[in-house]
Amino acid sequence: MTNYLDFEKPLAEIEGKAEELRAMARANEEMNVEAEASALDKKGRELLEELYTRLTPWRKAQVARHPDRPHCRDYIKTLFTEYTPLAGDRNFADDHAVLGGLARLGDRPVMVIGHEKGHDTKSRIRHNFGMARPEGYRKAVRLMDLADRFGLPVITLVDTAGAYPGKGAEERGQSEAIARSTEKCLQIGVPLVSVIIGEGGSGGAVAFATADRVAMLEHSIYSVISPEGCASILWKDSEKMREAAEALRLTAQDLEKLGVTDRVIREPLGGAHRDRDATIAAVGEAITSMLAELDGRTGKKLVKDRRRRYLDLGSKGLAA
């Protein structure tokens, strides 16, 4: 069953009518409704194209949060073989919001780390909606250290509204854990590539995405704060999220112009959730391509270039 966003309600009505006609035909074989249903299909495709060729930043944020988008676990299952999950931060606990482990991308051994939001109520609660606690970032640091020791490229898949802001997380050093993870990204002497597959929220995303190469899916977002949070601070009104989304320059297209992301990965018409297999395949191709760009570089070269990349951020200015 398709989940429709608020701005997709007219599309829901058209596709619903087409499915209703086909359901009636299945119940009564004498009915011939295919011509009418096909006309509705065509009208639906035209409306879908119209909606998605002029998405506002706020609508892109809604698409990035769509519950049916492929999540980290889906990418790991499809793109990688011989995945061996590694758990725990060797200090406090295992954080289920962060998945990570050894795997193969084709014939190449890699370390893959990512945020997992979950796909239903039970799994979302288990994974804390992709919001990592300090132990999640410390697990990531441990896995990046391991990858560095054995010369394995690191691939991170970012999809989080931000780090978990709960009392326990703050007591266990949330900000310090995020800073250590960001620092570790800058220190490892192996290729590090990151893909924003949904939401890239605040320091919780930066802690995984301070990479040599950063790619974003076409309708993903990456920002220092959520539109709602920004609106609450600037206008004291979370309902101003549309204006905040415009001002934050959080879309993949804006961030490519500003030099924050290196490439934008096209999504199927209607978003990643409408053709999950095609989306995952496109992300796999982008990861392979980004790793190929980094092949042959020494550890010192990688660290130097990565450091320079982030020192230079903002040099293009907001007029880009």
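Is Arg149 buried or exposed? With a relative accessible area of 62%, Arg149 is exposed, where exposed stands for over 50% relative accessible area, buried for under 20% and partly exposed for anything in between (1.4 Å probe, protein chains only). The model is a predicted one, so local features need pLDDT of at least 70 and side-chain atom pairs count only at pLDDT 80 or more, while totals for chains, interfaces and linings use all residues. Residues are numbered from 1 along each chain as its sequence is written, and side-chain values use heavy atoms, with hydrogens and water left out.

Back to Arg149: this residue belongs to helix α6 (residues 134-150), with helices (H or I, at least four residues) and strands (E, at least two) taken as DSSP runs and numbered from the N terminus. Arg149 and Ile188 sit 39 residues apart in sequence, and their C-alpha atoms are 9.0 Å apart in space. Another such pair is Ala23 and Val33, which are 10 residues apart in sequence and 9.9 Å apart from C-alpha to C-alpha. Ala23 is part of helix α1 (residues 9-27) and comes out as partly exposed, its relative accessible area being 35%.

Now for the charged pairs. Side chains of opposite charge can pair when their charged atoms come close. The structure holds 26 salt bridges, a salt bridge being a side-chain nitrogen of Lys or Arg within 4 Å of a carboxyl oxygen of Asp or Glu. One of them joins Lys117 to Glu199, with 2.8 Å between the closest N and O atoms. Lys117 sits in the loop between β3 (108-115) and α5 (121-126) and Glu199 in strand β5 (residues 192-201), so this pair ties together parts that are 82 residues apart in sequence. Both Lys117 and Glu199 are buried.

Arg266 and Glu218 make another salt bridge, their closest N and O atoms being 3.5 Å apart. Here Arg266 comes from the loop between β8 (263-265) and α13, and Glu218 from the loop between β6 (213-217) and β7 (221-223), so the pair ties together parts that are 48 residues apart in sequence. Arg266 is exposed at 63% relative accessible area, whereas Glu218, at 16%, counts as buried.

A further salt bridge links the side chains of Arg297 and Asp305 (3.2 Å, N to O). Arg297 is partly exposed, at 31%, and Asp305 counts as partly exposed too, at 24% relative accessibility. Salt bridges with shared partners also join Arg65, Lys117, Asp159, Glu199 and Glu228 into one network.

Next come the helices. Two packed helices are described by the angle between their axes and the distance between the axes. For α4 (residues 72-79) and α13 (residues 276-294), the axes come within 10 Å and cross at roughly 70°; axes are lines fitted to C-alpha atoms, for helices over the stretch in contact, and angles run from 0 to 180 degrees between N-to-C directions. The two helices, α4 and α13, are therefore roughly perpendicular to each other, a label that covers 65 to 115 degrees, with under 35 counting as roughly parallel, over 145 as roughly antiparallel and the rest as oblique. On the α4 side, Asp74, Tyr75, Thr78 and Leu79 meet α13 residues including Arg276, Ile280 and Ile287, contact being heavy atoms within 4.5 Å.

Finally, Trp235 lies in the loop between α10 (227-234) and α11 (241-248) and is partly exposed, at 37% relative accessible area.
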